[in-house]
Amino acid sequence: MSILVDKNTRLIVQGITGREGTFHTEQMLEYGTNVVAGVTPGKGGQTVLGVPVFNTVREAAEETGANASVIFVPAMHMMSGALEAIDAGLPLVITIAEHVPVQDMMRVYHYGRLKGTRVIGPNSFGVISPGKSKAGFMAHRIFLPGHVGLMSRSATNCYETVFMLTNAGIGQSTCVGIGGDMIAGSSFSDLLPLFEEDPETKAIVMIGEIGGNEEELAAALMKERISKPVVALIAGKNAPKGRSMGHAGAIVSADGTGSADSKIRALSEAGAVIADSTAEIVSCLKKLMA
């Protein structure tokens, strides 16, 4: 099976006529993703790489039966694109742009929850179920079909981990880019139950980082609902308090809230195996899946 995207995904690319939208549509098509439509206001009636372009998401969804959208537009336009996709009734909306204004993402977050749309991102590399479908910009050649579900706030740490997993012959069921912004459309806690229910996923990798309390919330959920083995890595152990480190959400408060120590303690108490590096994730999984 897998989660979020698979062979049944019928994908819309919002911003398909832009440089990034066109390039990554080509890559997704090459991978076998069923890209059924693109959307760029004012350019309806055109085609890009054989994909029909529509003026609105609603029109594209009604004409093609699309059930997901990936948004390749600048941060300033992300909110309007995401709200349009949610209004069109799409069950999955993936947002790629970084530096989306917090207030904009707050609107998208709450509207998506209200309408029953799962939002992934912003500042996300997307979602890939290896061998089935991808919606995003990840380098799909490093992924291998298998049984490890992976979710990460950091794209780089995810790619590093996947590359080593694949080289070790350990495949992945689905990999999800949570995104590194302060407000994420879907958290670790939202996705853990999906991996728990997926028969294809045998183990779960969670790559978190300093800032916020999502890892602590995920740890609380693990105690109640997650039976599958979880390997966790928390990046940013040496970051100084009160300073954002790369990602907008990667900031430890002056009182220590959001620190690596707090997250590692909570996850360890919940039964997660703690890895100190991406390489150690691989060795932990080898032991768990032996």
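Being a predicted model, it has local features only where pLDDT is at least 70 and side-chain atom pairs only at pLDDT 80 or more, while totals for chains, interfaces and linings use all residues. Residues are numbered from 1 along each chain as its sequence is written, and side-chain values use heavy atoms, with hydrogens and water left out.

Q: Why is Thr161 called buried?
A: Buried means under 20% relative accessible area, with exposed over 50% and partly exposed in between (1.4 Å probe, protein chains only). Thr161 comes in at 0%, so it counts as buried. The residue is found in helix α5 (residues 155–167); helices here are DSSP runs of H or I with at least four residues, strands are runs of E with at least two, and both are numbered from the N terminus.

Q: What does Thr161 touch, not counting residues up to four places away in sequence?
A: Contact means heavy atoms within 4.5 Å. On that basis Thr161 touches Leu150, Ile207, Thr278 and Ile281.

Q: What are β9 and β14 in their sheet, edge or middle strands?
A: The order is β9-β8-β11-β10-β12-β13-β14, an open sheet of 7 strands with mixed pairing. β9 (133–136) and β14 (273–274) each have a single partner strand, so one side of each lacks a neighbour in the sheet and they stand at the edges.

Q: What makes β10 and β11 a pair?
A: Two strands pair if DSSP finds at least two bridges between them. Strand β10 (residues 145–152) and strand β11 (residues 172–177) run parallel and are joined by 5 bridges. Val148 stands opposite Gln172 in β11.

Q: How many bridges pair β6 with β7?
A: There are 3, in the parallel sense, between strand β6 (residues 92–95) and β7. Leu92 faces Arg118 in β7 across this pairing.

Q: At what angle do α6 and α7 pack?
A: Helix α6 (residues 188–197) and helix α7 (residues 214–225) pack at about 35°, with axes 9 Å apart. The axes are lines fitted to C-alpha atoms, for helices over the stretch in contact, and angles run from 0 to 180 degrees between N-to-C directions. By class, their contact has 7 nonpolar, 1 polar and 5 charged residues. Phe188 and Leu192 are among the α6 residues involved, with Leu217 and Met222 among those of α7.

Definitions and conventions
Ala, Val, Leu, Ile, Met, Phe, Trp, Tyr, Cys and Pro count as nonpolar, Asp, Glu, Lys and Arg as charged, and the others, Gly among them, as polar.
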